Amino acid sequence: MNTPNQTRSRFILFLVAAMFLGSFGVAATLFFSGWKPTQTRNVGEMLSPYPDLRPVALLLADGTPWQWQPTSRHWHVVVAPPADCGAPCLQMLQSLQRVWVSEGRHADKLKVLWFGALPAGSPEFSGLVAMQPSPGLQALLPDQARADALPVYLADPNGYLVLRYAPGFNPSGLRKDLGRVLK
């Protein structure tokens with residue numbers, strides 16, 4: 001025969017188990033049904049699947065081959081402007097320099113890979129890496145850049161493009177995303 005204390009204890013145990021398993025069940029249902037939150041923490045658009053840049057033969061402006069170095073933990077802002085871009089490219093490069101400077105002590109873990117000729121009067125900073133234009137890279141990018149529409153991408157230390165910033169993006173969004181990954 002159950003005493004009132006035993007019945008109460010069993011009821012409490014049942015409630016705790018139901019709350020735990022119920023929340024687990026709801027989470028599992030949402031996950032397996034493919035539901036995703038409408039807004040994520042990152043500002044840039046997540047690319048899916050991640051384009052892999054490692055097989056592409058990338059060259060520095062001086063012709064030296066570029067090597068991805070995952071152990072250095074550098075993140076890369078990738079910009080592939082059109083030829084003879086002019087003022088929009090200069091403005092973009094100035095914005096990227098401000099983003100690079102705003103990273104402070106973590107700026108040394110960020111490289112800006114600029115694929116093409118640097119515009120006249122472009123700022124110089126140690127994180128800027130001038131690269132030769134690459135048709136192989138252009139083929140992997142979701143967008144083709146135009147002077148009036150210059151997308152920017154964020155590549156992880158392993159050489160995968162992970163985020164896309166649409167033309168006309170607010171550089172503070174890139175800065176926020178970099179603040180989460182540069183540590």
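In the predicted model, Phe31 is classed as exposed because its relative accessibility is 61%. Phe32 is likewise assigned to the exposed class, since its relative accessible area amounts to 69%. The rings of Phe31 and Phe32 form an aromatic pair of edge-to-face geometry, with a centre-to-centre distance of 5.0 Å and an angle of 80° between the planes. A further edge-to-face pair is formed by Trp66 and Trp68, whose ring centres are separated by 5.8 Å and whose planes are at 90°. Both of these tryptophans, Trp66 and Trp68, are buried. The count of aromatic pairs comes to 4.

Nonpolar residues at the surface were examined next. A nonpolar patch is formed by Phe11, Ile12, Phe14, Leu15, Val16 and Met19, which together present about 630 Å² of accessible area. Ile12 is partly exposed rather than exposed, because its relative accessibility of 43% falls between the limits of 20% for buried and 50% for exposed.

The interior was then considered. In soluble globular proteins, nonpolar side chains tend to be buried together. The largest nonpolar core of the model comprises 26 residues, and the members that touch the most others are Val77, Leu96, Trp114 and Leu174. Two or more residues are contributed to this core by each of the strands β2 (75-79), β3 (110-115), β5 (152-155) and β6 (161-165), and by each of the helices α2 (87-102) and α4 (171-181). The greatest contribution is that of α2, which supplies 6 residues. Apart from this core lies another, of 17 residues, which includes Leu47, Leu53, Leu113 and Leu161.

When residues up to four places away in sequence are not counted, Leu174 touches Val77, Leu96, Val99, Tyr165 and Phe169.

Ser122 lies in the loop between β3 and β4, the latter strand covering residues 128-131. With a relative accessibility of 19%, Ser122 is counted as buried, because the buried class extends to values under 20%. Once neighbours within four places in sequence are set aside, Ser122 is found in contact with Leu90 and Leu93.

Conventions: Residues are numbered from 1 along each chain as its sequence is written. This is a predicted model: local features need pLDDT of at least 70, side-chain atom pairs count only at pLDDT 80 or more; totals for chains, interfaces and linings use all residues. Side-chain values use heavy atoms; hydrogens and water are left out. Patches are made of residues with over 30% relative accessible area and no salt bridge: like charges are joined within 9 Å, nonpolar side chains (Val, Leu, Ile, Met, Phe, Trp, Tyr) within 5 Å. Accessible areas come from the Shrake-Rupley method with a 1.4 Å probe; for residues, only the protein chains shown count as cover. A salt bridge is a side-chain nitrogen of Lys or Arg within 4 Å of a carboxyl oxygen of Asp or Glu. Buried means under 20% relative accessible area, exposed over 50%, partly exposed in between (1.4 Å probe, protein chains only). A nonpolar core is a set of buried Ala, Val, Leu, Ile, Met, Phe, Trp, Tyr and Cys residues joined through side-chain atoms within 4.5 Å. Helices (H or I, at least four residues) and strands (E, at least two) are DSSP runs, numbered from the N terminus. Contact means heavy atoms within 4.5 Å. Rings of Phe, Tyr and Trp (its six-membered ring) pair if their centres lie within 6.5 Å; planes under 30 degrees apart count as stacked, over 60 as edge-to-face and the rest as tilted.
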